[in-house]
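This report describes selected helices, helix packing and individual loop residues. The sequence and the structure are shown first.

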Amino acid sequence: MPGDIRGEILRTPTSSSTMPSLVVRMLEELQVDAGNRVLEIGTGTGYSTGLLCHRLGEDLVTSVEVDAEVSSRASAALGSCNYFPELVVGDGLAGHKDGAPYDRLVATCGVLEVPHAWIEQTAPGGVILATLCGWLYASELARLTVGEDGVARGRLLGGQISFMLARPQLPPLLGMLPDLDDGEERETATGADVLNNWTARFVTQLAVPGAQRLTMERNGRTEDVLVDVGSGSWAAVHEDGGRWLVRQGGPERLWDRVEEQLGRWYAAGAPELEEFTVTVTPEGQTVRW
Ligand SMILES: C[S@@+](CC[C@H](N)C(=O)[O-])C[C@H]1O[C@@H](n2cnc3c(N)ncnc32)[C@H](O)[C@@H]1O
């Protein structure tokens, strides 16, 4: 029953102690050259903005932060270091058209998909660096180059880089869970333990982008549950005497999709994330291996 379920959403937030080294890695991967105009999404403390100002000069740096208070604190911190870049308060998923075109765009919050506005605002040959995330909380840094044709192409870089998701893309509240006893049960060769592997989880979330994962103790056993709030679909997987069983309900069979997707990935030799390519067109983002 929904009322007596104790679940824990599995998340991998970036701790503040690892932030400076992550930011430095991001800026190294951004490959800035003198004279580059940079748009940063996620001003945060202003640390990375300050490093960009130091490297390029404040006139070439614009940073967008969704939280007005956070932006104002960053402004004070940067000012105390004598840096006065353009700081914008707003949703960075829309970029900042007024300063376009940029040579580099770096997002220090994660995104589900690279917004096309970023591509439109980046000059041909320019670079977009962002962490691609999903609601199963496996993420990876992607570096894309914008082509003359308005398409951005690139690869994942590896390193299991993880940032907080951009605000409008946070997962919806789970609310009342569906009745997890009311579904079709069958055996599955794909155990839920596969989701403890970062790369397999990344691959899985591409197949079920609307799904969130919970682990819960129910009926004296541990169940891994995927819930897609949008469609109302769910899958609950547990181990029973050495075999795995899945129960599924709602309009879509989430675990069928997971099995199919992981099957294709295994058949390709289970490539590492560094071997994945990313293409973003006006129609959307495609990730391939
Ligand atoms: C990991 S922190 C940024 C770290 C920062 N670069 C630094 O050096 O401190 C992520 C920031 O992105 C901001 N953020 C989240 N969603 C955003 C959005 N849609 N547009 C702009 N900023 C966003 C958060 O408020 C947060 O301050």
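## Helix 6: span and faces

Helix 6 comprises the 14 residues 254-267, and at 1.5 Å a residue it should span 20 Å; its end C-alpha atoms lie 20 Å apart, in agreement with that expectation. The expected span is 1.5 Å times one less than the number of residues. Helices (H or I, at least four residues) and strands (E, at least two) are DSSP runs, numbered from the N terminus. This is a predicted model, in which local features need pLDDT of at least 70 and side-chain atom pairs count only at pLDDT 80 or more, while totals for chains, interfaces and linings use all residues. Residues are numbered from 1 along each chain as its sequence is written, and side-chain values use heavy atoms, with hydrogens and water left out.

The buried residues of helix 6 are Leu-254, Trp-255, Val-258, Gln-261, Leu-262 and Trp-265. They cover an arc of only 125° around the axis, and therefore sit on the same side of helix 6; the arc is that of the directions from the helix axis to the C-beta atoms. On the other side of helix 6, Glu-260 and Ala-267 are exposed. Here buried means under 20% relative accessible area, exposed over 50%, and partly exposed in between (1.4 Å probe, protein chains only). The elements that cover the buried residues of helix 6 include helix 5 (198-207) and the strands 9 (184-188), 10 (211-218), 11 (221-228), 12 (233-240) and 13 (243-249).

## Helix 5 and its packing on helix 6

Helix 5 is mostly covered, with nine of its 10 residues buried. These are Trp-198, Thr-199, Ala-200, Arg-201, Phe-202, Val-203, Thr-204, Gln-205 and Ala-207. They pack against strand 6 (122-132), strand 7, strand 8, strand 10, helix 6 and strand 15 (284-288).

The axes of helix 5 and helix 6 come within 9 Å and cross at roughly 125°. Helix 5 is therefore oblique to helix 6. Axes are lines fitted to C-alpha atoms, for helices over the stretch in contact, and angles run from 0 to 180 degrees between N-to-C directions. Angles under 35 degrees count as roughly parallel, over 145 as roughly antiparallel, 65 to 115 as roughly perpendicular and the rest as oblique. Helix 5 passes helix 6 in a right-handed crossing; a crossing is right-handed if the near helix is turned clockwise from the far one by less than a right angle, and left-handed if anticlockwise. From helix 5, Thr-199, Ala-200, Val-203, Thr-204, Leu-206 and Ala-207 meet Arg-257, Val-258, Gln-261, Leu-262 and Trp-265 of helix 6, where contact means heavy atoms within 4.5 Å.

## Helices 1 and 2

Helix 1 (residues 19-30) packs against helix 2 (residues 47-56) at an angle of about 40°, and their axes are 10 Å apart. Helix 1 is thus oblique to helix 2, and the crossing of helix 1 and helix 2 is right-handed. Helix 1 contributes Pro-20, Val-23, Val-24, Leu-27 and Leu-30 to the contact, and helix 2 contributes Tyr-47, Ser-48, Leu-51 and Leu-52.

## Backbone features

Just after helix 6, Gly-269 takes a positive phi of about 90°. Ala-270, in the loop between helix 6 and strand 14 (277-281), has a phi near 50°, a positive value in a residue other than glycine. Ala-270 is partly exposed, with a relative accessible area of 28%.

Asn-219 lies in the loop between strand 10 and strand 11; its phi is near 50°, a positive value in a residue other than glycine. Asn-219 is exposed, at a relative accessible area of 57%. A cis peptide bond, with omega about 0°, joins Ala-100 and Pro-101. Pro-101 is placed in the loop between strand 4 (86-89) and strand 5 (102-107).

## Individual residues

His-116 belongs to helix 4 (residues 116-120) and counts as buried at 19% relative accessibility. Apart from neighbours within four places in sequence, His-116 is in contact with Gly-150, Thr-281 and Pro-282. Asp-149 occupies the loop between strand 7 (140-146) and strand 8 (152-156) and is partly exposed, with a relative accessible area of 47%. The C-alpha atoms of Asp-149 and Thr-281 are separated by 9.3 Å, although these residues are 132 residues apart along the chain.

Met-176, in the loop between strand 8 and strand 9, is exposed, with a relative accessible area of 70%. Met-176 and Gln-248 are 72 residues apart in sequence and 17 Å apart in space, C-alpha to C-alpha.
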